Amino acid sequence: MSSSPPSVQMDEVRRRALSLLSSSGLAQDVKAEVQTMASIALPLSEKYRHLSAEAMLRENVASRSRQEVMESLSRLVKALSILEKYGCNLTCPTRPRYWRSVKHNNPVFRTTVDAVKGGRRVLYLYGYTNQQLDGLSFPDEVSEPDAEKVAAVTLEVMTLRTEVDMLVKGTHPHLENFKDIFPFVMQQDMMVSDSVVMLPGEEQHGDKPQVLSPSPVLERHQEMKSFSTDSPAVGDCNLCGSASSLVCPSCDNRPFCDACDDLFHRHPSRANHKRDKIQKTKQETCSICGISAVHAQCSTCVQRLCLNCDRLFHSHPDRKGHNRTVVTPAKTSSPSLSPWDCAHCTTVNEMRAVLCSTCERPRLATAASTVQENPTSAPTSPNTEWQCKSCTVVNPGSSILCEVCERPRLATRPPVAPVLSNPGSLTDTGTKGNWTCQFCTYVNTKPIVVCEMCNLSCKDSPGDSVPQSLQQTPSSTKDPPQPGARPVPKPRLNMEMKRQKMMREDGLSLIHQIREAEKRGVSPEEVYAALCMCGGSNINPCDWLTSELPHLLDEICAMAASVQLNYKAGDSGIQPAVERDGEESEESGPSATGEDVKLSRAEAKLAWLAAGGDTERAVAQLLRDRQVKMRELHSLGFRDVAQCEEALRLSGGEVKGALSLLQRPLLEPFHQRIWTDQPEPPIDPKHPDKQRMCRRLLALYDLPSWGRCELVLSLLQEPGVTYSLEDVVQAVKESHDKDFIRRLLNNECPCCLYIFPRSKMQSLTSCQCSVCHECFGRHFTIAVRDKHIRDMVCPVCGEPDINDPEQLDSYFSTLDIQLRDCLEPDVYELFHKKLTEHALMKDPKFLWCCHCTSGFINDGDQLKVTCMSCRKSFCAQCKKPWEPQHQDLSCEQFQQWKRENDPEYQRQGLAGYLRDNGITCPHCRFQYALTKGGCMHFSCSQCRYQFCSGCNNPYHKTGCKTPQCSYPGLHAHHPRDCLFYLRDWEPPRLQALLHRSGVEFNTDPSNGTQTDACGVMEQKDEGGQQIDSPCGIKTQPGQAGLCEKHYREYLVSLINAHSVDPALLYDALELTRACERYQVDMQRGENEEDNAYHARLLKKLMEVPLGEKVPRNK
C-alpha cells in the first residue's frame, strides 16, 4: 500500500475528481476516482464533508432486520443514482433547459428520492432551496448554480452510492467503518471467514496468478460470494472437460459447453430443458493498452495495469518505488442462482428479476449494448408514460422531450466511443495485411499507405508500434475435426467488427438526419455545420438551426463588427481577416473610413456555412466577403461608405439589391421632374396625335396591345357616348369584340331603369339578375332596417327560397361579403346582429326577451334571467316578467298566487288569463301576448314561420308530405281537439264537455272587471299593418266578462289543458266526418245496429291520439 496517510490520498483523489467532473459533467470520467475514494479506509465523518452520510444511513435502516436493511440499502442506491444524475446535469456545460426546478410529481422522483430519508437535503445542497407548490427550484436571484459546490456534493453522492452498493454486494473492504450502523455486517464477515468451504471443481480450472501481495479486499469478496451461493459451483463441461458456458437445472445442474449442449440436448427427451447461461465475471481491461486484463493496481498513480504494461510503465526510475497490489480474478457464478448487477447502472437486482429495476435493461445486456438500440422503438401508445433512455426518468405520455435531460422521446442513449491510449497503434495482426487507421479507426484490408475511408496516410506500419506483449495473437487456422476430439465452442465476436458496425450505424444515422432535414427545407451543409456546433449534445440539428442559429448569427455579426472597429481604432493586437489572408490593406478598401460595419444575418449565415460551422473562420470570411462587395460598389461610383453598408445590410448582402437601393435616390429627381412639375393632362380621344394618346393609354392603363388602345379611342369617338374612359378601358380588357363590348357597356337596371356598364352592376349568387350599385345598396339597407332577415332576397325575382336550411346558410355566407362594402357601418352591424340571432335561434338554450325584441343564449339553470339589451328580468320557463314573488315558486304555483292575490290580475279577469296563455311560436319559441281567436293562420314576425295558433301545426303553401294528402293550396292538418274545430261549438256544449270530465270553469266576471266590452288583446290589420289592440266587442251575461268568441277560446283552453277528448259529444254526422278525416276504418258489419256501429266507430276514433303540439298550459 502507499506510504501516504489515507486522508492525504483522499484529498488528492478528491481534487483530481473535482477537476474532471467540473469540466465535463460526466459520471464516467470520474468512475475510477470514485471507486478509489470509496475504498479508502476513513471514517464517514472525515470522508464526507458536505453530506451527513452516517445520519442518512441510520435514518434509512434504523431498527430493522437484515433483509429489510438490505432492501432499504437497495432503495438508497437507486435514490442516490437519481440524485447523481441531477448533480451531473447541473455541472454539465450544456445544462438541460429546465435545470432550475425539480418536480415532485415525477413518478421516478416519488419512488426513488422521496422514498428515502435525506434525499431532499441533497437537493438543498445542490441549490434547490426555493419551495414551490409542485417541487423545488433555485431562487429567482440565482442565475447560475455554484458549479464548485455542486461538483463536490455530486462527488460525495457518487462515493456514497458506490460504498452502499459494495455493502449490498458484500465487497466493501472496510466493514469496520459501519459496525456501529450495521452490527450484523461484522458478524457476517466473521462467519464467512470461519466457514469458507472450497467448492468442488475449483482446483481444476482456477489458474494461480503470480502473487506479489494478494489483496485482502478481493479475497473477502470471493469468500462472500462463495458463502452466499446456494447451489454448487459450476466447473468444466460435464462431457468434454472444456470451459463450460451453460448449466442445466433439469440435469442436476450439470455444466456444458456450447458444442456439447447442442449435442446432448438434441435428444427428444431433453429438448425442452431450460438452460441458464453462465455469466463470466467481466474482466476489467488495462488503463493503458485497453486490451489485456488487469493484473495489478497502483495506489500511487491510481492506475490498474496488465502484467506487461505494469512491467513497462514501472520500469521508469521515477516510478520504481510505487507500491502495487495484485488483483486476483473473481470466480464465475451462474446468473440465475444469485443477485445480479446491472451492467449499465450497477444496480443490484433480485435473483428472479429479468429487467433492471432502475434502468429496465435486460439482465444479460452489456453497457455497450445501449449504443445499438433500435432508434425506431417507441412506446406502444402515445398516451402512456415513457422512460427516457438516457436518464431513465419516466415522463408523461403527452411530453415530447424528457423533463430532466431534454432528449427527444425516440432518441437512443448517446454512444460511448471506446477510449484507447493510441488508436493508431492498435492493429489486428491476426489477418494478414489488415491495419487500423489512427484517424478514422477504419480497418483497411489492403496493404496501402493511405486510408481508404479518410484518405489520410498512416505513419505507423501495421504492427510496428505495438509491443509484442500488447499485440493480439493471430488466430489459428481451423483444422478439420478429428474422431474423438472435443467439440470447439463458438468464437467470440471481434471487437474491430463491432467498431466497424458502430461506424456504419453512425453513418446511416447521419444520412437519416440529412434526409429528414431535406424534408424540412434544410440543406446538408446546414446540417453538417449544425452538427459541428451541437454534435456533443442531444439536440436535433434542425431544432438547433431554428432556435439557436439566429443568436449565433447575431454573435458572428457582433464579433465581426468588433474586429473591424478595433482594427480601425488602431489596435495592434487584432488584425483584420483580409490582411491575414493576404488581401489588400485597409487603405485600398472603401470601408476603411467608415464608422462601423453593418452586417446582416444572411451574410453571416453564408460565411458560417462556408466556414463549416467554425465561428472564428466565419467572422474572417464575413469580413472578407463584405470588403469584396464594398470594393465592387466603390468601383461603380458609390463612395459613401455608410450608405453602402446600410444598403448591403438591407439587401441581405446582395450586390444587386444594394445597387437598387443606392440608385433609387439618384432617380428621384428625374421622377419628380417628369410627374410632379406639371399636372397630368386628360386623354382626349379626339386629339389629332393618335399615337401619343395610344402610348399614354399603354403607360397609364396597362392595356395588352396597341390595337386595344386604338379600340378604346374608336369607342369613345362614337356619337352619343355617355360612358367614361375607365368604363371603356375595363370593357376592352375583357374582350376585343366591339359588339360584345357595347353589350357590356349598356345594361339596364331593372329597379331604376338607368343604363350602366357591367362593371357597375351587381348580382347575387342565387340568380342571374343584375342591379346597379345604388339600387343594390338601397334595397338591402331597407330590408335590414325594416324587414326580417328572411326578406333579404333578390329585389327582382325574390330568390332564393329562404325556407331551405342548406340553401339559406350558403346564401348568407356570400351575401355577407357583398354587403360589407355597400352598406353603412351601422346598417351592416344591424345585419350581423339579425344574422347572429337567426343562427342562435337553433340553439335550445336560446331565449327571446319578453320586454324587447332581443334574444340571447342562457347558459344558467336559474329561472330568473336578465336581458343584456334592456337589462330587464323575466322567467326563463314561463317567459313572464319577473316578480319577487316568483322566487322559490314554480311557474304554476306563481300563476296560482297571482290569481288569488294580485288585484291587477284579478281586475283583468279572464282577459289576463288569455293574454298569459297567448301564442308561442313553435319554431323560435317567441311569445305573443295575444289570443288565438280570429284567423287561425298565424305568421311569426321573428322567424316568418306560418302555423295554426290552435294546434301549432304548420301551414303548407303547396302540397305537403302527409300521406294521402293531395290538397295543393294553403292548408294545415288540425287534430280534433284544435280550436280550429271547437270554435264552432256553442258555449253550452263546451261547458257540458268540461262538466262531463269534471273540469271547473268560470261564468261570472271577477270583482272589479270591466264588463261592458271585451278587453282581450288581438292582432288586427289596420292600414296594411298588424297592430295589437283590445277586442272591444260587447260582453254577454254568463260568459265571465268576455265576448262569445273569446269565452269559447277560454273554454277550449281548459279542454286542451286537461286533454279532454271532444269525440265524447260527437253526433253521428260529426263522428263520420272525423273518421273520414283521420282515415278510420268505417266498414259496417251486416245487420249491425246504428248504436253499436257508432259506438265501435267512437272507440276506434278515440284510439287516434290527440294533437301532439296542442298547447296544454294549465
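Me: In which helix do Phe 894 and Trp 897 both lie?
Reply: This is a predicted model, in which local features need pLDDT of at least 70, side-chain atom pairs count only at pLDDT 80 or more, and totals for chains, interfaces and linings use all residues. Residues are numbered from 1 along each chain as its sequence is written, and side-chain values use heavy atoms, with hydrogens and water left out. Helices are DSSP runs of H or I with at least four residues, strands are runs of E with at least two, and both are numbered from the N terminus. Phe 894 and Trp 897 are 3 residues apart, about one turn of the helix, and that helix is H30 (residues 891-901).

Me: What is the angle between the ring planes of Phe 894 and Trp 897?
Reply: Rings of Phe, Tyr and Trp (its six-membered ring) pair if their centres lie within 6.5 Å; planes under 30 degrees apart count as stacked, over 60 as edge-to-face and the rest as tilted. The structure holds 13 aromatic pairs. One of them is Phe 894 with Trp 897, at 6.3 Å centre to centre; this pair is stacked, with a plane angle of 15 degrees.

Me: How are H1 and H8 oriented to each other?
Reply: Axes are lines fitted to C-alpha atoms, for helices over the stretch in contact, and angles run from 0 to 180 degrees between N-to-C directions. Helix H1 (residues 6-24) packs against helix H8 (residues 147-169) at about 115 degrees, with the axes 9 Å apart. Angles under 35 degrees count as roughly parallel, over 145 as roughly antiparallel, 65 to 115 as roughly perpendicular and the rest as oblique. H1 and H8 are therefore roughly perpendicular.

Me: Which residues of H8 make the contact with H1?
Reply: Contact means heavy atoms within 4.5 Å. H1 contributes Arg 14, Ala 17, Leu 18, Leu 21 and Ser 22. From H8 come Ala 151, Ala 152, Thr 154, Leu 155 and Glu 156.

Me: What is the bridge partner of Gln 297 in S9?
Reply: Strand S7 (residues 296-298) and S9 pair in the antiparallel sense over 3 bridges. In S9, the partner of Gln 297 is Thr 325.

How values were computed: Two strands pair if DSSP finds at least two bridges between them.
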